[in-house]
Amino acid sequence: MAFVHYRTRGFIFKKNDRFEADRFFSIFTCDFGRNEVVGKAIRKITSKLRAGIELFYLSEIEFIQGKAYKTLTDTVVLKKFEDIGKNLEKLKTAFKISKVLDNFLRFEEKDKRIWDLIVETFSLLDNKRLTETTRLSLLFHYFLWNFFSILGYQPELFRCAICQKKLTFDDLYFSAEDGGIICSVCTKSKKEVEKVNSDAVKILRIILKRDWQILSRLKIEPVSQKLLKNISESYYSNLLKENLKIGKIKVRDL
Ligand SMILES: [Zn+2]
């Protein structure tokens with residue numbers, strides 16, 4: 001029986017070893033969205049596939065669709081992002097991003113915008129001059145909020161997400177449940193809100209303008225960094241919960 005061979009570019013965001021020498025890869029492909037593909041006997045030293053595919057590689061892959069799963073038939077490395085593996089903080093950032101992808105990417109849903117964001121983020125992460133922990137954290141947040149925005153979860157940052165009143169710089173609270181910034185009047189019935197400053201809101205607005213050049217030059221106070229981290233975490237965990245409830249994603253480790 002002749003199999004159809006599919007060829008595409010993909011970013012490898014997860015791998016799992018199975019059986020004696022097989023390896024399963026979770027790949028976000030340019031043409032077919034998320035795919036799980038097995039590399040048969042790929043961990044054997046003689047495997048012709050192993051040089052072309054590895055975690056956090058951009059690879060050209062070819063696979064066939066079997067009954068149970070897709071099997072790799074060819075791999076060509078396009079970009080290794082080598083600087084990421086040389087720096088522990090970068091590696092941690094890469095794993096954090098791959099976790100987000102694993103939690104939110106649905107199977108076989110092609111999305112050029114997500115593809116572009118992944119390639120852009122990893123190219124930035126691979127930049128040798130980017131080493132500071134605070135900048136790496138900012139890059140993670142740059143990825144995270146733009147990723148959520150593409151998925152349709154852009155936060156409200158200009159008007160109160162509840163009463164729609166125009167926001168003033170000294171009256172800003174973040175409510176993940178309500179999808180953005182709310183005013184003090186609307187915090188009354190709320191348990192989980194965080195008072196934020198205008199800098200944190202401005203940073204978020206710049207992040208969503210998707211301009212890393214401007215963002216990377218900003219001087220950010222530690223208090224605003226902390227706020228950005230807190231609101232990102234609460235937004236992320238709230239979206240995970242919401243998606244689980246409506247069954248959009250499966251339970252993975254939260
Ligand atoms: Zn309000």
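**Strands, helices and core**

Guide: Strand E3 and strand E5 (residues 70-79) are joined in the parallel sense by 2 bridges. Two strands count as paired if DSSP finds at least two bridges between them; helices (H or I, at least four residues) and strands (E, at least two) are DSSP runs, numbered from the N terminus. The model is predicted, so local features need pLDDT of at least 70 and side-chain atom pairs count only at pLDDT 80 or more, while totals for chains, interfaces and linings use all residues. Residues are numbered from 1 along each chain as its sequence is written, and side-chain values use heavy atoms, with hydrogens and water left out.

Visitor: In E5, what is the bridge partner of Val38?

Guide: The parallel pairing of E3 with E5 rests on 2 bridges. For Val38, the partner in E5 is Thr71.

Visitor: Which residue in E3 stands opposite Phe28?

Guide: Strand E2 (residues 22-29) pairs with E3 in the antiparallel sense over 7 bridges. A hairpin of 3 residues joins E2 to E3. The residue in E3 that faces Phe28 is Arg34.

Visitor: How many of the 7 residues of E3 are buried?

Guide: Buried means under 20% relative accessible area, exposed over 50%, and partly exposed in between (1.4 Å probe, protein chains only). Strand E3, residues 33-39, is mostly covered. Its count of buried residues is 6.

Visitor: Which strands stand at the edges of the open sheet of 3 strands?

Guide: The order of this sheet is E7-E6-E8, with antiparallel pairing. E6 and E7 are joined by 3 bridges, and Tyr173 has Ile182 as its partner in E7. An edge strand has a single partner, so one side of it lacks a neighbour in the sheet; this applies to E7 (180-182) and E8.

Visitor: Which element gives the most residues to the largest nonpolar core?

Guide: A nonpolar core is a set of buried Ala, Val, Leu, Ile, Met, Phe, Trp, Tyr and Cys residues joined through side-chain atoms within 4.5 Å. The largest has 75 residues, of which Phe11, Leu101, Phe122, Phe147 and Phe148 touch the most other members. With 11 residues, the element that gives the most is H3.

Visitor: How far apart are the end C-alpha atoms of helix H6?

Guide: Helix H6 (residues 222-245) has 24 residues, which at 1.5 Å a residue should span 34 Å. Its buried residues include Leu227, Tyr235, Tyr236 and Leu239. Phe148 is in contact (heavy atoms within 4.5 Å) with residues including Tyr235, Tyr236 and Leu239, leaving aside neighbours within four places in sequence.

Visitor: Which element has the highest mean pLDDT?

Guide: pLDDT is the predictor's confidence in each residue, from 0 to 100. The protein averages 94, and 96% of the residues score at least 70. Among the elements, H6 has the lowest mean (94), and the highest (98) belongs to helix H2 (residues 112-125).

Terms used. The expected span of a helix is 1.5 Å times one less than its number of residues.
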